Amino acid sequence: MLSFPASRPNAYTGSPLDRAAEKREDAEWIAHALRDPETLFAPVWRSRSLLRGLEDGAPEAVLLAGAAAHPLLGAGRGTGGEDASPWAFLGLWEQKPVFAVDVSHEDEPPVPEGAGSFSDLRQVAGLLPAGEASVLAHARGLMHWRVKHRFCGICGFRCEPHSAGHVMKCVNCQTSHFPRTDPAVIMLVVRGDSCLLGHNIRFPTPMYSTLAGFVEPGESLEEAVRREVMEEAGVAVGRVVYHSSQPWPFPSSIMLGFHAEGLTEAIRVDETELQDARWFSRGELLRHKELGFGLPRVDSIARRLIEDWLHA
């Protein structure tokens, strides 16, 4: 058997937002929403999200509204011009408009006293309510694209935001550029009662995880799974079964999770990617701490792929 269904939703999924895409082209509605004291803003500062409750181990997202949010938009508020803090309409949360706004240009972000602090979302996503983690991830991913796409990739001229922050349009050649999401496959290769895990050269501690890689042009997802496993570990893969997906805006990926059938056992490690790769039994994974190695972080789809196989 190769199918080990997802036991529960992945982190950063289950958004409570109605994306309300039809509102993006309604400039009057957007302008009114930006002024509405009930509107919520999810600020992003240098790829960090605004959180509180970190000291107590019970973090929660902080969305600012009313006067507390006005300094975030800076000069040119409501216009989306280059002097403004980049912003984008995310959607409606219980009928309230929600916007992301990037304040990375500030040395010290303008946050009201006691509102919280900016922290790496990945450190706390497993502790946040699912809806809050999803909204913050959405804001982080979209703002990363906005601040990194100020100039046209066709002619090099400046781009201006349109469609409430979801399109960047070149002022010269008029090319429209859209938010980018890079598809990556991530897979747990299973053979008998063992699974294949690798220790990536970038891992700072003794930790083993699933193999993963970006999908190449002209390649199906199943083909990408087989190619990546062969390239990184020299193991041939047969059947490939979809498990689930996870937005991973660190900075701009969508992780597509699979369980895969290992056809061969011998391992040939690609030392440019992996420091080591091994077959692990269920018993070894259950005793991983005792054996001196870690598993992927709990908010990752890699951990979900392992656990759903481990407890099947």
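Contact here means heavy atoms within 4.5 Å, and in that sense W309 touches F4, L188, V190, D193, S194, C195, H259, F280, S281, R282 and L285, leaving aside residues up to four places away in sequence. The model is a predicted one, with a mean pLDDT of 92 for the protein and 96% of its residues at 70 or more. Over residues 75-83, however, the pLDDT is below 50, and this stretch has 11 contacts in the model beyond near neighbours in sequence.

**Nonpolar cores**

- The largest nonpolar core has 51 residues, and those with the most contacts inside it are Y12, L90, L188, L197, L285 and W309.
- Helix α3, which spans residues 130-148, gives the most to this core, contributing 8 residues.
- Another core lies apart from the largest one and has 21 residues, including L64, A69, F89 and F118.

**Helix α6**

- Because 9 of the 10 residues of α6 are buried, this helix is largely enclosed by the rest of the structure.
- The buried residues of α6 are I301, A302, R303, R304, L305, I306, D308, W309 and L310, and W309 is also listed with those having the most contacts inside the largest nonpolar core.
- The packing partners of these buried α6 residues are the strands β11, β12, β14, β15 and β16 (274-281), together with helix α5 (282-286).

**The largest pocket**

- The largest pocket has a volume of about 1000 Å³, and its lining is made up of 36 residues, of which R202, F203, A212, W248 and M255 lie nearest the centre of the pocket.
- Two or more lining residues come from each of β11 (182-191), β12 (194-200), β13 (211-214), α4 (221-233), β14 (237-248), β15 (253-262) and α6 (301-310).
- Strand β13 gives the most to the lining of the largest pocket, with 4 residues.
- Sorted by class, the lining of this pocket has 17 nonpolar, 10 polar and 9 charged residues.

- G262 is found in strand β15 and counts as buried because its relative accessibility is 5%, where buried means under 20%.
- G262 touches V189, V190, R191, V235 and A236, again leaving out residues up to four places away in sequence.
- Although G262 and S194 are 68 residues apart along the chain, their C-alpha atoms are separated by 9.6 Å.
- A cis peptide bond, with omega of about 15°, joins F250 and P251, and P251 lies in the loop between β14 and β15.

- Most residues other than glycine have a negative phi, and most peptide bonds are trans.
- A20, which is not a glycine, has a positive phi of about 45°; A20 lies in the segment before α1 (27-35).
- A20 is buried, with a relative accessible area of 4%, and touches F89 and L92 when residues up to four places away in sequence are not counted.
- From A20 to P97 the C-alpha to C-alpha distance is 9.5 Å, while the two residues are 77 residues apart in sequence.
- E94 likewise has a positive phi, of about 50°, although this residue is not a glycine, and its place is in the loop between β5 (87-93) and β6 (96-102).
- Whereas A20 is buried, E94 is exposed, with a relative accessible area of 70%.

**Strand β8**

- P161 is found in strand β8, which covers residues 159-162, and is partly exposed, with a relative accessible area of 24%.
- P161 and S176 are 15 residues apart in sequence, and their C-alpha to C-alpha distance is 9.5 Å.

Definitions and conventions: Residues numbered from 1 in each chain as written. Predicted model: local features only at pLDDT ≥ 70, side-chain atom pairs only at ≥ 80, totals over all residues. Heavy atoms only, no water. 1 Å grid on protein atoms, 1.4 Å probe; cavity = no way out; pocket = protein on both sides within 12 Å on 5 of 7 lines; lining within 4 Å. Points joined across faces, edges and corners; volume = space filled by probe spheres on them. Nonpolar A, V, L, I, M, F, W, Y, C, P; charged D, E, K, R; others polar. pLDDT = per-residue confidence, 0-100. Core = buried A, V, L, I, M, F, W, Y, C linked by side-chain atoms within 4.5 Å. Buried < 20%, exposed > 50% of the residue type's maximum accessible area, 1.4 Å probe, protein only.
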